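Dear colleague,

Please find below the sequence and the model that I am handing over to you. My findings follow directly after them.

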Amino acid sequence: MMMNAKLVLLFTVFLTNYLTINAQGYVCAVGGGSENYNDWSDAPYSWIVEKSGHGKVIILGVSDASSWLPNYFLSFGASSAYNKKIDSRALADQQSTYDELITANAIFISGGNQWNYVNYWKGTKTEAAIRYVYQNGGVVAGTSAGAMVIGEIVFTAQSGSIESKSALMGPLGNSVALDDNFLNIIHKVLFDTHFIERGRFGRLMAMLYKYYNQTSIAITGVGIDDKTAICIDNNLIGTVLGSGAVAIFRKDERSVFTEYAGNQYTIENLLCHQLTDGWKYNFSTNEIEFIPSTAKHVDTTRVWGYPVSDFTLSGNNSISQQL
C-alpha cells in the first residue's frame, strides 16, 4: 500500500507539472495601423478583453504613452488597463516588475522597434512574466513590432529594418537577424507586420529560407496587413479580423529550397494562403480550419473572354510611351 501511495503521489506531481507546462492562453497579433472607436480595431481588441475574462490589461512599451489605448480597452469591459514603460534591463529584471506583470490577464506589447524589446527584456523577469501570463491562460498580444516578438522565431531588427529586395539578395546576411530564444509563444511561427503596405512578401520568404538553411526546420511565416489581426485561441485556431489580409507562408512537401552557393539559391513552390476577415487557420495542423460562407470558389473551367474595355500595364507613369 505504501508503494501504491508513492506511485499515486508521483503521478499526481507529474500530471500537475505536465498541465502547468502545457497550459496555454491566447495570442492576438495585429499588423499595425491606427486604432479607433467603431472601426476595424474594435473586433480584435474586444477579443483580447473577452479572452482575458474582462480582467486587467497591462500595455508594455519602452517609451511614454498616452491614455488612449488603456481607455480603449476599458471601453470593451476590461476591469483595469494601464501603460507600463520598461526601458532598461535593470527595470526589466526587477522582482517587483515580475510580480506586477503576472497579475495581468492580458499583456499587450506596443509598436515601436522590436530590437528594444529583445535587447531590454530577453532573459529577464519581464520575459518570464509574459510567458507566465500566457501559460496560465491569459492573453499575449501586440501590434506592429509588438506582434513581431510573440512568435517562436523573431526578426529582431538588430541591424535595422530591411526591405524585401535586400533580404532576398542576401538572406544569410546579418541584416536578416533572427532569434528563436525570446518569448517562444507560438511554436514554429514568425510574425511580420505592415505586410502589404510595406511590400514585405520577399523579406518574409528570405527569413523562412535563412532559418531552414541554418536549422533544417521549416517554419510558418505569418504576414499581417495594416488594420488586420490574427487572433489565436488556446486550441491554436487563428481567426483573421480586420480590413486587410493575413498571408501564411509554409514550406510543404512540394516546396524546394536549394542550397545557397555563389550568391545564388531558389525558393520553389512555397505554399501561401491569403486569408481575409472571418477565415480561420489551424496552427497545429497547418491547415485552413474554416471558410466563411461569403467565400466563392473560382471555376477554372468557366468560359472567359477579353474585357470589353482596354487596359494597359506600364512600367512607369508615361503610359503613352509604353504603347
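Predicted model: local features only at pLDDT ≥ 70, side-chain atom pairs only at ≥ 80, totals over all residues.

**Strand β1 and its partners**

Strand β1 (residues 26–30) pairs with strand β10 (residues 228–232) in the antiparallel sense, over four bridges. With β5, strand β1 pairs in the parallel sense, over five bridges. V27 stands opposite I232 in β10.

How many of the residues of β1 are buried? Five of its five residues are, and the strand is mostly covered. In a regular strand, the side chains alternate between the two faces of the sheet. In β1, Y26, C28 and V30 lie on one side and V27 and A29 on the other, and both faces are covered.

**The contact between α2 and α3**

The two helices described above also pack against each other, at an angle of about 75° and with their axes 9 Å apart. Helices α2 and α3 are therefore roughly perpendicular to each other. On the α2 side the contact is made by D42, Y45, I48 and V49, and on the α3 side by L69, Y72 and F73. By residue class, the contact of α2 with α3 divides into six nonpolar, no polar and one charged.

**Two buried loop residues**

H194 is found in the loop between β8 (186–192) and α10 (201–215). Is H194 buried or exposed? With a relative accessible area of 8%, H194 is buried, because the cut-off for that class is under 20%. Leaving aside residues up to four places away in sequence, H194 touches G31, G32, G33, S144, R200, I224 and D226.

T124 lies in another loop, between α6 (114–121) and α7 (125–135). T124 likewise counts as buried, at 5% relative accessibility. Residues up to four places away in sequence again not counted, T124 touches R89, A92 and D93. The C-alpha atoms of T124 and Y37 are separated by 35 Å, the two residues being 87 residues apart along the chain.

**Confidence in the model**

The mean pLDDT of the protein is 91, and 92% of its residues reach 70 or more. Residues 6–23 have a pLDDT below 50. Beyond near neighbours in sequence, this stretch has two contacts in the model.

With kind regards

Notes
Residues numbered from 1 in each chain as written. Heavy atoms only, no water. Pairing = 2+ DSSP bridges. pLDDT = per-residue confidence, 0-100. Contact = heavy atoms within 4.5 Å. Axes fitted to C-alpha atoms, helices over the stretch in contact; angles between N-to-C directions. Parallel < 35°, antiparallel > 145°, perpendicular 65-115°, else oblique. Nonpolar A, V, L, I, M, F, W, Y, C, P; charged D, E, K, R; others polar. Buried < 20%, exposed > 50% of the residue type's maximum accessible area, 1.4 Å probe, protein only.
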